Amino acid sequence: MATFPGDRSFAAECDAADPLAGFRERFARDDPSLIYLDGNSLGMLPLATAERIAGVVRREWGTGLVRSWEHWIDLPRRAGDLLGSELLGAAPGQVLVCDSTTVNLYKLARAALDARPGRTVVVTDDDNFPTDRYVLAGVAAERGAELRLIHTGMDTGVTADAVRDAVDGETALVSLSHVAYRSGALADMAQLTGIVHDAGALMLWDLCHSVGSVPVELDACGADLAVGCTYKYLNAGPGAPAFLYVTAALAGTLHQPVQGWFGQREQFAMGPAYDPAPGIGRFLTGTPDIAGTAAVEEGVRLLAEAGIGRLRDKGMRLTEYLIALADDWLAPLGCVLASPRDAASRGSHVCLRHPDAWRIGRALIRAGVIGDYRTPDRLRLGPAPMTTAFTDVWDALDATRRIIEDKTYQDFPAEPARVT
Ligand SMILES: Cc1ncc(COP(=O)(O)O)c(C=O)c1O
């Protein structure tokens with residue numbers, strides 16, 4: 001889009017022509033005036049999911065009781081295969097829905113390090129999401145390895161040259177986020193995976209901010225391993241189980257460190273010793289969260305119906321529109337774009353830098369616009385394509401403009417309260 005009329009009618013025209021507009025009504029909207037630009041943190045509740053969870057609880061648990069395990073037992077694989085085929089570009093038998101992203105990251109990182117004996121370096125970047133850096137540091141320490149941090153521009157993401165410079169014959173594993181949690185910078189999965197493989201190392205992707213917002217092609221990119229959460233763009237709800245991907249070429253040989261009974265070959269033989277299941281099943285640990293996994297299945301179905309191509313297209317247009325309005329209205333008020341300007345290099349959220357970002361975010365919530373704050377001085381706005389209208393973006397940016405112009409953000413403390 002070349003120019004964006006600042007008039008709200010332009011946004012209304014975009015909404016009228018939006019092929020995904022009808023999906024907005026398929027989510028709980030108890031407060032129709034609320035503008036929600038934080039679907040990249042916690043997605044909204046699909047009405048179908050509320051019904052499905054009620055059915056799981058009332059019928060499958062309440063009536064079926066323990067008999068329901070007959071069909072529950074395969075749910076982590078069924079949901080994984082659905083997610084894999086619809087949103088991850090993964091053939092069946094490589095994806096599981098289970099545990100949290102943090103726990104899955106630990107399982108896969110440890111397994112990867114053990115699969116490259118003699119190599120003693122794990123690489124990530126210093127702006128990767130905290131849990132990734134903490135888990136990788138812990139795994140490296142456990143195995144006497146070094147954690148090598150690529151220095152990454154906070155607003156630009158990891159570059160191919162930086163990865164090339166960081167890997168060598170000592171490198172066992174590289175782990176990076178596909179879309180950066182703060183800036184939204186989108187990494188080139190195929191290119192970076194190729195660089196890592198040229199060094200003989202394994203590649204582990206964190207897809208938390210990309211799954212459901214940008215097309216992901218794990219098989220085609222030759223990715224080895226991936227993890228991601230389901231409570232953002234997949235709309236599966238707070239604490240819903242995460243997912244993991246292990247390429248078929250590795251699934252039967254990697255050893256995952258949490259040797260639970262759900263990963264056992266003949267689980268109900270209750271055998272004396274751990275004997276891992278032959279393929280992806282070995283990456284399960286303990287009893288899965290059934291209601292949460294059912295919510296993942298519903299969330300994936302809804303996204304599949306919308307189509308990841310159309311979601312990506314709308315996500316690019318929404319963020320382009322947001323940036324255009326921010327350039328016009330907020331840049332003169334001291335806001336600086338802190339995300340890639342090129343839509344092809346960006347996921348579905350945008351950061352704006354302002355010294356009073358924290359207070360502006362609080363004032364926006366008071367005005368009925370929910371965005372997010374990220375350290376050190378970023379207002380993070382995520383117009384999730386499934387649930388956000390172009391008029392939401394216009395209204396949110398207009399509210400931001402008024403809050404900064406009128407300085408009403410000064411009603412709030414300058415900094416978030418520290419929890420000790
Ligand atoms: C990139 C990334 N990785 C990991 C996580 C969190 O993982 P978990 O669900 O285990 O808390 C988040 C949460 O926002 C994230 O953005």
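The largest pocket holds about 220 Å³ of space. Of the 22 residues that line this pocket, the closest to its centre are Thr156, Gly157, Val158, Ala180 and Ala185. The model is predicted: local features need pLDDT of at least 70, side-chain atom pairs count only at pLDDT 80 or more, and totals for chains, interfaces and linings use all residues. Residues are numbered from 1 along each chain as its sequence is written, and side-chain values use heavy atoms, with hydrogens and water left out.

**Pocket and cavity**

- The lining of the largest pocket divides into 10 nonpolar, 10 polar and 2 charged residues. (Ala, Val, Leu, Ile, Met, Phe, Trp, Tyr, Cys and Pro count as nonpolar; Asp, Glu, Lys and Arg as charged; the others, Gly among them, as polar.)
- A search of the whole structure finds 1 cavity of 30 Å³ or more.
- The largest cavity has a volume of about 40 Å³.
- Gly212, Tyr233, Asn235, Leu303, Leu311, Ala384, Pro385 and Met386 line the largest cavity.
- By class, that cavity lining has 6 nonpolar residues, 2 polar and no charged.
- Both terms rest on a 1 Å grid over the protein atoms alone: a cavity is a set of points where a 1.4 Å probe fits but cannot get out, and a pocket is an open set with protein on both sides within 12 Å along at least five of seven lines. Lining residues have an atom within 4 Å of a point.
- Grid points are joined across faces, edges and corners, and a volume is the space filled by probe spheres set on the points.

**Buried residues**

- Val211 lies in the loop between β6 (202–206) and α9 (218–221). (Helices, H or I with at least four residues, and strands, E with at least two, are DSSP runs numbered from the N terminus.)
- Val211 counts as buried because its relative accessibility is 1%. (Buried means under 20% relative accessible area, exposed over 50%, partly exposed in between, with a 1.4 Å probe and protein chains only.)
- Leaving out residues up to four places away in sequence, Val211 touches Leu83, Leu87, Leu88, Cys229, Tyr233, Leu234 and Phe243. (Contact means heavy atoms within 4.5 Å.)
- Val211 and His178 are 33 residues apart in sequence, and their C-alpha atoms are 9.1 Å apart in space.
- Glu297 sits in helix α11 (residues 290–306). With 7% relative accessibility, this residue is also classed as buried.
- Glu297 touches Arg52, Leu75, Arg78, Ala79 and Leu82, again not counting residues up to four places away in sequence.

**Strand pairing**

- Strands β9 (residues 336–337) and β10 (residues 350–353) run antiparallel, joined by 2 bridges. (Two strands pair if DSSP finds at least two bridges between them.)
- Leu337 stands opposite Leu352 in β10.
- β10 also pairs with β13 (residues 378–381), in the antiparallel sense, over 4 bridges.
- Cys351 has Arg380 in β13 as its bridge partner.

**Backbone exceptions**

- Most residues other than glycine have a negative phi, and most peptide bonds are trans.
- A cis peptide bond joins Thr375 and Pro376, with omega about -5°. Pro376 is in the loop between β12 (372–374) and β13.
- Leu65 has a positive phi, near 45°. Leu65 is in the loop between α2 (47–63) and α3 (69–72), and counts as partly exposed at 47% relative accessibility.
- Lys407 also has a positive phi, near 55°. Lys407 falls in the segment after α14 (390–406), and counts as partly exposed at 44% relative accessibility.
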